[in-house]
Amino acid sequence: MGTWTRLVNGLSLIAKEAVKRSEVLDNARAGDLETLISSAVKKAVVTATDASGLTKGKVREFSIPATSYASDESDVAITTQQVSENAIELEQVSVPERVQDSNAQQSASASESEDSGGNVDVVVKRRKPRERRVPSTPFSRALGFAGLGVGIAWGTIQESAKRIVFGTPNSQDKQSAVSPFLSEKNAERLALGLCRMRGAALKLGQMLSIQDETLVPAPILAALDVVRQGADVMPKKQLSQVLDAELGPEWKSKLTSFDYEPLAAASIGQVHKAVTKDGLEVAMKIQYPGVADSIESDIDNVKLLLDYTNLIPEGLYLDKAMKVAKEELSRECDYELEATNQKRFRDLLSNSKGFYVPMVIDDISSKRVLTTELVSGIPIDKVALLNQGTRNYVGKKLLELTLMELFVFRFMQTDPNWSNFLYDDATRTINLIDFGAARDYPKRFVDDYLRMVYACANGDRDAVIEMSQRLGFLSGMESEIMIDVHVQAGFVVGFPFSKPGGYDFRSSNITQSITNLGATMLRHRLRPPPDEVYSLHRKLSGAFLACIKLGAVVPCRELLLQVYEQYQFGEEGGEILSSASVS
């Protein structure tokens, strides 16, 4: 009964927050009741019922072939698609074709395998594009979250009743078997609700979607894979309003064509293909309206849902994690900052074989629109369908890039989403996109972190404890139990770097080992990790999970030693390690 009380209280708080933030209700208090009735009520009902899953928005099924027409306002060719009304949310299809992904585009099929010498048929669960206006006011977004909460509550009641009648289902996933909150239907409600809301909430869902099944309950993970495929798309009218506001009403004069069907719809914005006057194919990333202004309230509302469904253990220090998430997402919403990050990475990697960063087109970019050179390739999870030699190569390059970003550049792109790394098999190049989550790391932090990684690789318990205290993982007052599991976790992560030769990620049980230790760490830890670690460990775990997904064999220790031998410790870089000190 306590669980239901917490859930009802949480939804009540969301509703109060909606009332508090509503500009429409402020007008009503001033006597403008007509505005309240005509605007707020209609939008509130639609938003809440839509997000709860009780109603469905307008579905547009994009079909092929595309047609083009010349715009009356300019000479730009605008590509449109024939549409039909179809209420199917998900479809399961077999797609025997060769993959050729573009910027941020999710693959639709398997890539041709060199091992088999032919096409591979893969059954995938794909989400049809759905055209929905983005909730852009605090009031509509708060009501959307309230509706999502109501939908989950209703789903929980249904699942509880089903279990009373038919008993608890057998499941290898203990969490989903025990908790009616984690039913498959609720997981799908959560995923589709996040796709409708977009913004910071969807971004958090996408972060979870790349985790291993040992860390996230299976029903949630399966639904979040739908989230990773993309969000709902803006209607053409809303999209045009954003472009006019950001680039001016004459923005089409800079292009010869613009495709209104997005290549991809992500958490913060959607990507469209266009061609400039000089014939360059570009990707235009266009931010959803209201997303940047709703980060704080979105994350607060997600936190309420997590708190009142009681799914997050106390040892995760959710308040600290949410605080860091707000700061990171605020940076990601600044496309001018992302453009600067991308130019910086392009310069840093200009002489690095196997990597390419597309150029930024400044005169078609703004704070909410980012235009870059269009690049092609397949995301990491589709590289797993290629031959073993290619998988080994890509795994090695990903780990090499991760170590180089942290220990050489001290500047890292921290979003490990697999679609941010597009592999071009013809050139054996990984095209890198999406630099909104890039950040710097202080020299002193990187010094001690490298010392700790090296200690973990060499099984040096005392050094691991010392560096963990200096970095802020441990306070020095922990119990022996906590210290032991912390050191064991470090050794598990350091194991791929412990021996020369290739480490076979196909036989890796790293995630399961960390999960087994994690429960003890959550019970006994005394402090949250340092702020830098949230983004850093997301990227590091993403690199490991990518290698596991690829089943790659990677010479991890050799890559670490290459960095360690050349590294200069100290603020002025005065403490130089000789190769004799490295084993």
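This is a predicted model: local features need pLDDT of at least 70, side-chain atom pairs count only at pLDDT 80 or more; totals for chains, interfaces and linings use all residues.
Are K539 and E405 buried or exposed? Both K539 and E405 are buried.

1. K539 and E405 form a salt bridge, and their closest N and O atoms lie 2.7 Å apart. K539 belongs to helix α19 (residues 531–550) and E405 to helix α14 (residues 388–409), so this contact ties together parts that are 134 residues apart in sequence. It is one of 19 salt bridges that the structure holds.

2. Next, have a look at R470 and D448. These two also form a salt bridge, with 2.9 Å between the closest N and O atoms. Distant parts of the chain are linked here: R470 sits in helix α16 (residues 461–471) and D448 in helix α15 (residues 443–458), 22 residues apart.

3. How exposed are the partners in this second pair? For R470, the relative accessible area is 46%, so R470 is partly exposed. D448 has a relative accessibility of 4% and therefore counts as buried, the cut-off for that label being under 20%.

4. The side chains of R461 and D484 meet in a salt bridge, at 3.0 Å from N to O. Because R461 lies in helix α16 and D484 in helix α17 (residues 480–494), the pair ties together parts that are 23 residues apart in sequence.

5. It is worth checking the surroundings of this third pair as well. R461 counts as partly exposed, with 32% relative accessibility. D484 is also partly exposed, its relative accessible area being 28%.

6. Now for the strands. Why is strand β11 (residues 369–373) largely enclosed by the rest of the structure? Five of its five residues are buried, and that is why β11 can be described as largely enclosed.

7. Strand β11 has a partner that you can trace by eye. Strand β9 (residues 281–287) runs antiparallel to β11, and five bridges join the two.

Key. Residues are numbered from 1 along each chain as its sequence is written. Side-chain values use heavy atoms; hydrogens and water are left out. Buried means under 20% relative accessible area, exposed over 50%, partly exposed in between (1.4 Å probe, protein chains only). Helices (H or I, at least four residues) and strands (E, at least two) are DSSP runs, numbered from the N terminus. Two strands pair if DSSP finds at least two bridges between them. A salt bridge is a side-chain nitrogen of Lys or Arg within 4 Å of a carboxyl oxygen of Asp or Glu.
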